[in-house]
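Dear colleague,

Please find below the structure that I am handing over to you, together with its sequence. My account of what was found in it comes directly after.

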Amino acid sequence: MRSYLVLMATATLILGACKKKANIGTSPIITYQRLVPNTVQSGSAKDTVNIIFTIQDGDGDIGNDPQTGVHDIYLKDSRSNQENPYFLPTIPSDAITPGEGINAACTLRVYASLFLLLRPDHPDGDTLDYEIYVKDKAGHKSNVIKTDKIYITP
C-alpha cells in the first residue's frame, strides 16, 4: 500500500494531443525514452530516478479505477524478478475523446530510500534495470520495455 501511495503521488501523466492514429489498435503501446539519473546512493532520501516513457492507446481506455484493484503500470526488478503494480493518476474524462485514442507522456519516480537499496550480498554496489508494461481498462497488455541500467552506490 505504501508503494502505491508513493508512486501514485509521484507519477505524472501529461496528456498530449489526442488524435486518430491509423495503426495503433486497442492494445497500449509504450516507448521507453530515458531515465535520469542513472546512479543513486543506496537508501538516500535525496535520490530519485525518473523513468520516462510514452503511452499510445488506440481506444484511449487507459487509467484503471483504483477501486477495482486492477493496476495500470507493472515494474519488474531485474535483481529479484519481483513485479510491482502501480496506478496511473486519474485521467479526466473530458481529456479523452472515444474513438480517437490517446498519446501520453509518463514520468515514474522511483525513490532510492524505498526501492533502490543495496542487497546484503552486494555491499559495494549494485545494478538493476526494470521491465515495464501497461494494462488498459479492457485488460489489454502493452509491449514490454526495458530501462537502462541503474547503478546503486553505498
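The paragraphs below go from the chain as a whole to its strands and then to single residues.

Please bear in mind throughout that this is a predicted model.

**The chain as a whole**

The chain has 154 residues, and 40% of them are buried. Its secondary structure consists of 2 helices and 11 strands. Read from the N terminus, the order of the elements is α-β-β-β-β-β-β-β-α-β-β-β-β. Among the contacts with a separation of 6 or more, 72% are between residues 24 or more positions apart. The accessible surface amounts to about 8000 Å², and carbon and sulfur atoms contribute 50% of it.

**Strand β4 and its partners**

Strand β4 spans residues 48-57 and is mostly covered, with 8 of its 10 residues buried. Strand β4 runs antiparallel to strand β2 (residues 29-36), and 7 bridges join the two. Within this pairing, Arg 34 has Ile 52 of β4 as its bridge partner. Strand β4 is also joined to strand β7 (residues 102-111), here by 10 bridges and again in the antiparallel sense. In that pairing, Gln 56 is found opposite Asn 103 of β7.

**The open sheet**

Four strands make up an open sheet, in which the order is β6-β5-β9-β10 and the pairing is antiparallel. Its edge strands, β6 (83-86) and β10 (145-146), each pair on one side only. Strands β9 and β10 are paired over 2 bridges, and Glu 131 has Lys 146 in β10 as its bridge partner.

**The aromatic pair**

The structure contains 1 aromatic pair. It is formed by Tyr 74 and Tyr 133, which are stacked, with 4.8 Å from centre to centre and 10° between the planes. The two residues are 59 residues apart and link distant parts of the chain: Tyr 74 lies in strand β5 (residues 73-77) and Tyr 133 in strand β9 (residues 130-134). Both Tyr 74 and Tyr 133 are buried.

**Strand β11**

In a regular strand, side chains alternate between the two faces of the sheet. Strand β11 (residues 150-153) has one covered face, with Ile 150 and Ile 152, and one uncovered face, with Tyr 151 and Thr 153. Strand β11 pairs with β3 through 3 bridges, and these two strands run parallel; Gln 41 stands opposite Thr 153 of β11. Strand β11 also pairs with strand β8 (residues 126-128), through 3 bridges and in the antiparallel sense. There, Asp 126 has Ile 152 in β11 as its bridge partner.

**Two single residues**

Is Ser 44 buried or exposed? Ser 44 counts as buried because its relative accessible area is 12%, which is under the cut-off of 20%. Ser 44 is located in the loop between β3 (39-41) and β4. Its side chain reaches the backbone nitrogen of Lys 46 at a distance of 3.1 Å. Apart from neighbours within four places in sequence, Ser 44 is in contact with Ala 112 and Ser 113.

Thr 31, in turn, belongs to strand β2. When residues up to four places away in sequence are not counted, Thr 31 touches Phe 53, Thr 54 and Ile 145. The C-alpha atoms of Thr 31 and Tyr 133 are separated by 9.9 Å, although these residues are 102 residues apart along the chain.

**Where to look in the model**

- strand β4, joined to β2 and to β7;
- strand β11, which runs parallel to β3 and antiparallel to β8;
- the loop between β3 and β4, where Ser 44 is found.

With kind regards

How values were computed
Residues numbered from 1 in each chain as written. Predicted model: local features only at pLDDT ≥ 70, side-chain atom pairs only at ≥ 80, totals over all residues. Heavy atoms only, no water. Phe/Tyr/Trp six-rings, centres within 6.5 Å; stacked < 30°, edge-to-face > 60°. Buried < 20%, exposed > 50% of the residue type's maximum accessible area, 1.4 Å probe, protein only. Pairing = 2+ DSSP bridges. Polar contact = N/O pair within 3.5 Å; in protein donor to acceptor, adjacent residues only side chain to side chain. Contact = heavy atoms within 4.5 Å. Areas by Shrake-Rupley, 256 points an atom, 1.4 Å probe, with all protein chains shown as cover.
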